[in-house]
Amino acid sequence: MQFLRNLLDKVEPLFHKGGKLEKAFPLYEAADTFLFTPGEKTKSGPHVRDGIDLKRTMIMVVLALVPATLFGMWNIGFQHQRAMGTGPGGWGLRPGDADHMAALIYGALKFLPIYIVTIIVGGTLEAIFATVRKHEINEGFLVTSLLFPLTLPPDIPLWQVAMGIAFGVVIGKEVFGGTGMNILNPALTARIFLYFAYPADISGDRVWVSGSYATGWIDGATGATPLGYMASNGTDLAGMADTLHVTWFDAFMGWIPGSIGETSTLACLIGATVLIFSGIGSWRIMLGCLLGMGGLTLLLNAFAPSPDHYMALGPQWHLVIGSFAFGSVFMATDPVSAAQTNLGRWIYGFLIGALTIMVRVLNPAYPAGIMLAIVFMNVFAPLIDYYVTKANIRRREVRLGLQ
């Protein structure tokens, strides 16, 4: 490490004002601060000492995403082994019978190209905007570059990955001024762009198929995900168990078809624990999402036309199917685009949970729901904070006799 430190110190003058490479200073600064702690220190006056900064905050989120990432890679290989072992459309293979190392390696070979394309395209755009604006490359892209691939199916074309992350970085973030200024979550913006631009490659029955049966190799099997099955068949849990060989425990653990990092509720809960105890993610938002989802689900259960209607599906199922857990833990808690006040976080999270069920159950065109709900509430988060703050000021004025 000392060798790297000496090398960076030697070339540093080239990147400062007047140096031959001054326009590339953001690239130098990004490498320097990624490898080493910044050397600047306050010299006088009162100041706050804290062991965390933007870089360490983002790295903590990345660490929280590790369980979902590793499980997602394994699940890609597991779904492949299921299809190859039991024939097209078969889902009989159980996790205990899988070749776990082979599954992980196979999944990594599918996931890493998506991740690398995201890093190259998104990172290049970040560097371009940083160079033009003459500021440092922010570490926020560390999280965006991992979140976005985890929301995608494993067989998505790489050119679509490039288009999606480009849209998310430029339109969802840089046009607002960069990290800390965006009103929308960049990873979600990229995902929703692909969702509406190329719906057949993002959702539906085909997303786990790569190549064709004629070529003799496949990554998954045709057939609906549990969320898609329930949206079409309601609460026919016995039929889903017979058709997809999926139980509630299977869905909770995550060995079901779906986007790469979103299938395992257990992995998301591990990530939530890391975020909450590190103080990075708001537990109020996460719990608010859960309460909003549960509240509206129970209300719809009470008015369901029949016991087998989709409206009769219980909250325990909505928790483990689709991307509700992933979105509630990693997307809704984005500290930039979420509400900032404590009461505002409760309201923000509750409305996300309720809107998710409203979209899932009452609008069959969009069976997922959580991503659309989060982006919608991103737009209203500043308004929620405004009225919460205004109400607090009014209460204080009344208490002090100023009104």
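Visitor: Which residues does Y348 touch, not counting residues up to four places away in sequence?

Guide: This model is predicted. In the largest nonpolar core, which holds 87 residues, Y348 is named with F330 and I352 as touching the most other members. Not counting residues up to four places away in sequence, Y348 touches I285, A332, S337, A338, A339, I374, M377, N378, A381 and I384.

Visitor: Is I347 buried, partly exposed or exposed?

Guide: I347 is found in helix 16. Buried means under 20% relative accessible area and exposed means over 50%. I347 has a relative accessible area of 34%, so this residue is partly exposed.

Visitor: Which elements give two or more residues to the nonpolar patch?

Guide: The surface patch covers about 890 Å² and is made by I276, F277, W283, L287, L290, L291, L343, I347, F350 and L351. The elements that give two or more of these residues are helix 12 (265-277), helix 13 (283-302) and helix 16 (342-362).

Visitor: Is E174 buried or exposed?

Guide: E174 lies in the loop between helix 6 (158-170) and helix 7 (186-197). Leaving aside neighbours within four places in sequence, E174 is in contact with E126, F129, R133 and V169. The relative accessible area of E174 is 3%, and therefore E174 is buried.

Visitor: How many disulfides does the count come to?

Guide: A disulfide is a covalent bond between the sulfur atoms of two cysteines. Among the cysteines, C268 is buried at 0% relative accessibility, and C289 is buried at 0% relative accessibility. With a cut-off of 2.5 Å between cysteine sulfur atoms, the count of disulfides comes to zero.

How values were computed
Residues numbered from 1 in each chain as written. Predicted model: local features only at pLDDT ≥ 70, side-chain atom pairs only at ≥ 80, totals over all residues. Heavy atoms only, no water. Patch = residues over 30% accessible without salt bridge, like charges linked within 9 Å, V, L, I, M, F, W, Y side chains within 5 Å. Areas by Shrake-Rupley, 256 points an atom, 1.4 Å probe, with all protein chains shown as cover. Salt bridge = Lys/Arg side-chain N within 4 Å of Asp/Glu carboxyl O. Helix = DSSP H or I, 4+ residues; strand = E, 2+ residues; numbered from the N terminus. Buried < 20%, exposed > 50% of the residue type's maximum accessible area, 1.4 Å probe, protein only. Core = buried A, V, L, I, M, F, W, Y, C linked by side-chain atoms within 4.5 Å. Contact = heavy atoms within 4.5 Å.
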